[in-house]
Amino acid sequence: MMSPEQTLLLASTDPILGDGARHAIESVLAGNLDWASLVRLALSHGMTPALLAALNAVDQSLVPSEFLTVLREHCGRLRDRNLTLVAE
């Protein structure tokens, strides 16, 4: 059985984020989620941009604002790094 954090990260892989994926994400967010474990899992799998996109597509009141801020900053740094690498 998958943990809530694994379920959330897996649902975040849906590139379209249809109703089923959004419902799965919101269901997990409404429960007891270990945010530190979620971050570790997303980082270890290189899924932080997908996680951010998924969390941006659901009810923002379900996500701690500090978590979103840190995740957005991290993804911004990734974007900037990738743009620098592409420019070389």
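S3 is partly exposed, with a relative accessible area of 25%, and that makes a handy starting point for a tour of this predicted model. Keep the structure in view and look for each residue as you read.

- S3 sits in the segment that comes before α1.
- Although 25 residues separate S3 from V28 in sequence, their C-alpha atoms are 9.7 Å apart in space.
- Is S12 buried or exposed? With a relative accessibility of 4%, S12 counts as buried, because buried means under 20%.
- You will find S12 in the loop that joins α1 and α2.
- The side chain of S12 reaches the backbone oxygen of L8, at a distance of 2.9 Å.
- Setting aside neighbours within four places in sequence, S12 is also in contact with I25, A50, L51 and A54.

**Helix α4 and its buried face**

- Helix α4 covers residues 48-56, and its buried residues are T48, L51, L52, A54 and L55.
- Why do these residues line one face of the helix? Looking down the axis of α4, you would see the buried residues fall within an arc of 165°, so they line one face.

**The largest nonpolar core**

- The largest nonpolar core holds 23 residues, and those touching the most other members are L8, I25, L29, L51, L55, F67 and L71.
- Helices α1, α2, α3, α4 and α5 are the elements that give two or more residues to this core.

**One aromatic pair**

- How many aromatic pairs does a search of the whole structure find? The search finds one.
- This pair is formed by W35 and F67, and it is tilted, with 4.6 Å from centre to centre and 55° between the planes.
- Because W35 belongs to helix α3 and F67 to helix α5, the pair ties together parts that are 32 residues apart in sequence.
- F67 counts as buried, at 11% relative accessibility, and F67 is also among the core residues that touch the most other members.

Conventions:
Residues are numbered from 1 along each chain as its sequence is written. This is a predicted model: local features need pLDDT of at least 70, side-chain atom pairs count only at pLDDT 80 or more; totals for chains, interfaces and linings use all residues. Side-chain values use heavy atoms; hydrogens and water are left out. Buried means under 20% relative accessible area, exposed over 50%, partly exposed in between (1.4 Å probe, protein chains only). Helices (H or I, at least four residues) and strands (E, at least two) are DSSP runs, numbered from the N terminus. The arc is that of the directions from the helix axis to the C-beta atoms. A polar contact is a pair of N or O atoms within 3.5 Å; within protein, one must be able to donate a hydrogen and the other to accept it, and residues adjacent in sequence count only if both atoms are side-chain atoms. Contact means heavy atoms within 4.5 Å. Rings of Phe, Tyr and Trp (its six-membered ring) pair if their centres lie within 6.5 Å; planes under 30 degrees apart count as stacked, over 60 as edge-to-face and the rest as tilted. A nonpolar core is a set of buried Ala, Val, Leu, Ile, Met, Phe, Trp, Tyr and Cys residues joined through side-chain atoms within 4.5 Å.
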